[in-house]
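Subject: Structure for your review

Dear colleague,

Please find below the structure I am passing on to you, together with its sequence. A summary of the findings comes after it.

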Amino acid sequence: MGNHVPASDIRAAFSAAMSSMYRAEVPAYGTLMDLVADVNDRVLTENASLRESLQASNALDRISDERHGAIRLGTPQELATMRRVFAVMGMFPVGYYDLSEAGVPVHSTAFRPVGEDALSVNPFRVFTSLLRLDLIADEALRAEAQAVLNGRQIFTERALQLVEKAEHNGGLDKADADRFVQEVLETFRWHDKAIVSADLYKRLHDSHRLIADVVSFKGPHINHLTPRTLDIDAVQDQMPARGISPKAIVEGPPTRACPILLRQTSFKALEEPVSFQGHDGAWHSGSHTARFGEIEQRGIALTPKGRALYDRLLDETRAKVRPAADGSNAAAYVQALRDTFRQFPDDWAGIRAQGLGYFTYSLNAKGKAAGPQGQTDIETLLANGLVRFDPVTYEDFLPVSAAGIFQSNLGDHAAQAFEASPNQKRFEADLGVSVLDEFAHYAAIEQASIDACRAALGRQEAAE
Ligand code: OOG
Ligand code: NI
């Protein structure tokens with residue numbers, strides 16, 4: 001049917017609805033958004049060329065908007081259905097992240113738009129984790145948790161009907177799309193009345209705080225949203241002055257002239273009132289800590305070679321200084337990170353020459369004016385000054401950083417240890433599809449840009 005709303009528009013409406021719901025639910029998040037907007041304004045005032053390039057790509061209006069959020073699901077069925085819900089909004093699973101190694105009993109993917117056009121309409125992603133009850137040693141407790149999860153339905157009836165309708169018709173019309181967003185929002189809403197007793201909550205919590213968070217409530221409340229900042233260090237520094245308490249360190253690479261991958265930080269999760277029903281039917285008050293706010297700053301997507309270098313340097317840093325949750329060695333960690341990453345080239349030409357990052361190539365003014373070329377391999381075109389290259393932005397996540405975000409929001413106590421047990425096959429079986437390989441995706445973006453340059457400057461007969 002011709003009157004379907006584009007999936008990207010449904011995602012944009014969903015992202016906006018989530019933002020206003022979360023601001024209303026978590027006032028500290030609104031404070032963070034205000035701080036991010038102020039810092040971004042300052043950066044744009046000081047940096048005219050950045051302002052121009054954002055304006056040219058139509059990114060200026062939405063600069064401080066949310067880029068991602070996160071949820072934690074309890075069962076394979078919830079994950080499989082969530083995949084279908086996100087597909088209606090043009091969000092597809094990219095990447096597999098094993099967090100068990102870092103002491104968090106989940107594995108995850110990110111549902112996100114794929115492709116430049118979709119990302120430019122609205123880049124909203126949802127980092128989605130599935131609880132791994134198989135990592136819980138206590139069998140009786142595992143069975144109890146399983147029974148609670150099996151008994152809950154996290155989607156409204158109407159949301160499920162609209163997913164089926166969208167799948168059947170290949171989309172939704174405006175009225176259905178509006179309704180869909182409202183219905184889906186219900187799944188992400190906070191519920192302060194637990195669906196387990198105070199006693200079970202305590203036992204789940206003692207086993208792992210995350211298990212209590214996933215099992216004890218009616219649905220997978222959104223646990224954070226994450227706007228984009230143009231200066232993450234400034235926001236990190238200014239949080240305390242606005243009355244919010246940042247995690248100890250910024251996750252990811254150090255501050256650099258040429259940003260790589262992803263830097264993120266958050267304010268610590270808030271202790272919030274919840275209530276548990278007693279045997280007598282009366283509600284008793286308690287508290288639960290789960291929800292926070294985060295910020296992100298993105299850089300270039302790295303090739304497998306670049307990523308291996310990043311991982312090695314991060315390991316080296318953490319072998320020297322392991323960041324303590326209480327922030328006591330934060331300065332030493334930041335210094336060690338900066339020193340170690342001197343080994344990673346910090347200019348675009350160097351990153352490109354060493355094959356560490358992905359770039360898109362396009363004809364510059366000279367290239368556009370030039371006629372067909374004898375040689376059209378990209379290095380020759382570049383050497384002849386006919387093409388320019390620009391970094392491809394990293395749109396995914398980092399497992400060590402994600403673990404750091406999880407940990408800082410699970411309290412400052414020592415992390416629990418699990419056997420590292422990545423199980424992508426199992427995750428994909430539960431999901432119902434394979435996740436997209438992020439490296440293959442970035443490589444294809446780069447290759448397509450090279451092909452376009454070669455086609456534009458090639459002779460017909462020279463085409464391969
Ligand atoms: C997700 C933490 C990971 C990120 O940005 O790396 C994440 C969670 O706490 O559920 O959102
Ligand atoms: Ni996050």
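This is a predicted model: local features need pLDDT of at least 70, side-chain atom pairs count only at pLDDT 80 or more; totals for chains, interfaces and linings use all residues.

Metal site

The nickel ion (ligand 2) is held by three donor residues: His 68 and His 224, each through NE2, and Glu 294 through OE, at 2.1 Å. Along the sequence, these donor residues follow the spacing H-x155-H-x69-E. The two histidines bring distant parts of the chain together, with His 68 in strand β1 (residues 66-73) and His 224 in strand β5 (residues 224-227), 156 residues apart. Both His 68 and His 224 are buried.

Helix contacts

Two packed helices are described by the angle between their axes and the distance between the axes. Helix α8 (residues 174-188) takes part in both of the contacts reported here.

In the contact with helix α7 (residues 157-169), the angle is about 135° and the axes lie 9 Å apart. On the α7 side the contact is made by Arg 158, Ala 159, Leu 162, Val 163 and Lys 165, and on the α8 side by Asp 176, Arg 179, Phe 180, Glu 183 and Val 184. By class, the residues joining α7 to α8 are five nonpolar and five charged, with no polar ones.

In the contact with helix α1 (residues 7-25), the angle to α8 is about 45° and the axes are 10 Å apart. Helix α1 is therefore oblique to α8 as well. Here the crossing, of α1 and α8, is right-handed. Helix α1 contributes Ile 10, Ala 13, Phe 14, Ala 17, Met 18 and Met 21, while α8 contributes Ala 177, Phe 180, Val 181, Val 184, Leu 185 and Phe 188. The contact of α1 with α8 consists of 12 nonpolar residues, with no polar and no charged ones.

Ser 401

Ser 401 belongs to helix α17 (residues 399-408). Is Ser 401 buried or exposed? Its relative accessible area is 1%, and the cut-off for buried is under 20%, so Ser 401 is buried. Apart from neighbours within four places in sequence, Ser 401 is in contact with Glu 251, Gly 252, Gln 264 and Tyr 310.

With kind regards

Methods: Residues are numbered from 1 along each chain as its sequence is written. Chains are lettered from A and ligands numbered from 1 in the order in which they are written. Side-chain values use heavy atoms; hydrogens and water are left out. Donors are N, O and S atoms within 2.8 Å of the metal (3.2 Å for Na, K and Ca); water is not among the atoms, so sites may look incomplete. Helices (H or I, at least four residues) and strands (E, at least two) are DSSP runs, numbered from the N terminus. Buried means under 20% relative accessible area, exposed over 50%, partly exposed in between (1.4 Å probe, protein chains only). Axes are lines fitted to C-alpha atoms, for helices over the stretch in contact, and angles run from 0 to 180 degrees between N-to-C directions. Contact means heavy atoms within 4.5 Å. Ala, Val, Leu, Ile, Met, Phe, Trp, Tyr, Cys and Pro count as nonpolar, Asp, Glu, Lys and Arg as charged, and the others, Gly among them, as polar. Angles under 35 degrees count as roughly parallel, over 145 as roughly antiparallel, 65 to 115 as roughly perpendicular and the rest as oblique. A crossing is left-handed if the near helix is turned anticlockwise from the far one by less than a right angle, and right-handed if clockwise.
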